[in-house]
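Here is a short briefing to read with the structure open beside you.

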Amino acid sequence: MSETRPKLLVIEDDPGLQAQLKWAYEDFEVIVAGDRASAMAALRSEEPAVVTLDLGLPPDPDGTSEGFALLDEIMALKPDTKVIVASGHGARESALQAIERGAYDFYQKPMDFDEMALIVRRAYRLHRLEAENRQLAVRAGKDNRVLGTMITAAPEMLRVARTIERVAGTNVSVMLLGASGTGKELLARGLHEASGRAGGFVAINCAAIPENLLESELFGHEKGAFTGAVKTTEGKIEQAHGGTLFLDEVGDIPFALQVKLLRFLQERVIERIGGRRSIAVDTRIVCATHQNLEAMIADGRFREDLWYRLAEIVVKIPSLAERPGDAALLARAFLARFAKEMNPAVKGFAPDALAAMDAWGWPGNVRELENRVKRAVIMADGKLVHAGDLDLDAPGGEEDLPLNLKSAREITDRRVIRQALARSEGNISSTARLLGISRPTLYDLLKQYDLQH
C-alpha cells in the first residue's frame, strides 16, 4: 500500500516525536530525517510533495539557524515543495521569516496532531492543483490549436476555423466580422498560412491612418507625385503580391477611396499615385471590421458593390463570452508566456480565479483577457493567481434564464459541461470527476446536447 500513499518527509530530531508523527500521518508514506544532511538526501531520492520541518535541528537544536538554512536549500532544489514549518522559537518572528523564505505554512509547538494532519492534506491538495495547472499550461501551448496558433476548444470557434480552412485554398475575398479583440488578424494570418500562397502576409489598419495618407499606403506613389514623395514607393497591395493583404477596419476607408479599391478588385490592376502605368497584382484580400457595414450601406457611407466584392465569404467571429471554456485555455497560455518573461514564481490559477474568468463577460474579449493575465502575473504575491490579481470579483449574482425548467436546465448543463471539458483539456475521465458524474453519464450528456469533446 505504501506505493499508493503520498510521500511526506518529516524533519524532526526528537525520536519520540518522530514515532508519534508516523502514527499521526498514517494516511501517508512517512520518511523521517533528523538533520540537515539526511533531510536533503531524502528530498533528492524520494521527492516528497510536502515536508514538515522543525526549525530546531542539530547542531543548533535550541535555535532556528539550521532549520532556516535547510528551508533555503529545499526551496532552491525543489521550489514547488510545500514546506510546513513547526517551531516553538519566537513564533511570530519565525513564522514571518519562514513565509518570506518560501514556506507554505507555519505551526507553533506544541502540536495538535489532528490539526497538523489537516494542514498537510491541504498542502497536498494545493500541490496537486498547481501540478495540474502547470500541465494544462504546457498542453495549452501545444494542443487546442487551430489554424496554427489560435487556441480554442469551443464548438463556436471550431466552426469558424473549419470555415476558414475550407476557403483558404480558394481566391475568394473573405470578410471577418467581430467585435474588437476577438482575434480577427490572427484568423486572417491563419487563413494565409493555410492558403499555400507563396507571397507574404501584409496587414494595414485602415482606421489608424489619416485619410490623406491611406491612398498612398494602399496603392503607393511615384517619385514627385506630391510634396515629400522623394522616391517611388510600393503600396501595401503591391507588397502583398502573391500573398494576402489584410485590411483591418475596412469600414473606415473613405468613400472616394472605395471606388479605387473596387477597381482593383474587379480588374486586379493598380495605378500608383502620380503614375500612369497599370500594374497587375495578384493579391488576395481579407478584411475585417467591427462595424455594421450593411447599416453603413443604408446610410450611404459604404459602397454596396464594394461590399459584395469584399464579402464573397462572410465569417462571423464569436466573442470570448460566447466561447465557453476558452477563457481558461487562453489564460493558461498567456500565463505561461508572461510568467516566463516577468515572474517565474507564478505557476497557475487558483480555483477562485478560474471561476471568476468563467463568470466574467469579457467586454474587451481576448485582448482584455491578455491584459488582465499580464497584470495578474506582475501583481501575484504567491505561486497562484487569484481573482483579485485579475481585478475580477468572485462570481456572484444570477443570469436571466428562460422561465421554463427544461430549457433553463439544458442551457446550464451545456455551459457547465463545456467549462468542465475546457478545464480538463477534453479528458473525459477528468471532466466526469469535475462534474461528479460517471463516464457513461457524461457520454450520454455529450450525445444528448451534441457537444464535441
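A salt bridge here is a side-chain nitrogen of Lys or Arg within 4 Å of a carboxyl oxygen of Asp or Glu. Arginine 323 and aspartate 326 meet this with their side chains, at 2.9 Å from N to O. Please keep in mind that this is a predicted model.

**Helix 2 against helix 3**

- Helix 2 covers residues 36-46 and helix 3 covers residues 65-77; the two pack at an angle of about 20°, and their axes are 10 Å apart.
- Angles under 35 degrees count as roughly parallel, so helix 2 is roughly parallel to helix 3.
- The handedness of the crossing between helix 2 and helix 3 is right-handed.
- On the helix 2 side, the contact is made by Arg36, Ala39, Met40, Leu43 and Arg44.
- Facing them from helix 3 are Glu66, Ala69, Leu70, Glu73, Ile74 and Leu77.
- Sorted by class, the contact of helix 2 with helix 3 has 7 nonpolar and 4 charged residues, with no polar ones.

- Which residue forms a salt bridge with arginine 36, with the closest N and O atoms 2.7 Å apart? The partner is glutamate 73.
- This pair links distant parts of the chain, since arginine 36 sits in helix 2 and glutamate 73 in helix 3, 37 residues apart.

- Are arginine 323 and aspartate 326 buried or exposed? Arginine 323 counts as buried at 3% relative accessibility, and aspartate 326 counts as buried at 0%.
- The cut-off behind that label is under 20% relative accessible area.
- The side chains of aspartate 299 and arginine 301 form another salt bridge, at 3.5 Å from N to O.
- In that pair, aspartate 299 counts as exposed at 51% relative accessibility, while arginine 301 counts as partly exposed at 42%.

**Backbone details to look for**

- Between proline 58 and proline 59 the peptide bond is cis, with omega near 10°.
- Where is proline 59 placed? You will find proline 59 in the loop between strand 3 (50-54) and helix 3.
- Glutamate 47 has a phi near 50°, which is a positive value in a residue other than glycine.
- The loop between helix 2 and strand 3 holds glutamate 47, and this residue counts as exposed at 52% relative accessibility.
- Aspartate 391 has a positive phi too, near 60°, and again the residue is other than glycine.
- To find aspartate 391, look in the loop between strand 16 (384-385) and helix 16 (405-423).
- With a relative accessible area of 51%, aspartate 391 is exposed, because exposed means over 50%.

Note on methods
Residues are numbered from 1 along each chain as its sequence is written. This is a predicted model: local features need pLDDT of at least 70, side-chain atom pairs count only at pLDDT 80 or more; totals for chains, interfaces and linings use all residues. Side-chain values use heavy atoms; hydrogens and water are left out. Axes are lines fitted to C-alpha atoms, for helices over the stretch in contact, and angles run from 0 to 180 degrees between N-to-C directions. Helices (H or I, at least four residues) and strands (E, at least two) are DSSP runs, numbered from the N terminus. Angles under 35 degrees count as roughly parallel, over 145 as roughly antiparallel, 65 to 115 as roughly perpendicular and the rest as oblique. A crossing is left-handed if the near helix is turned anticlockwise from the far one by less than a right angle, and right-handed if clockwise. Contact means heavy atoms within 4.5 Å. Ala, Val, Leu, Ile, Met, Phe, Trp, Tyr, Cys and Pro count as nonpolar, Asp, Glu, Lys and Arg as charged, and the others, Gly among them, as polar. Buried means under 20% relative accessible area, exposed over 50%, partly exposed in between (1.4 Å probe, protein chains only).
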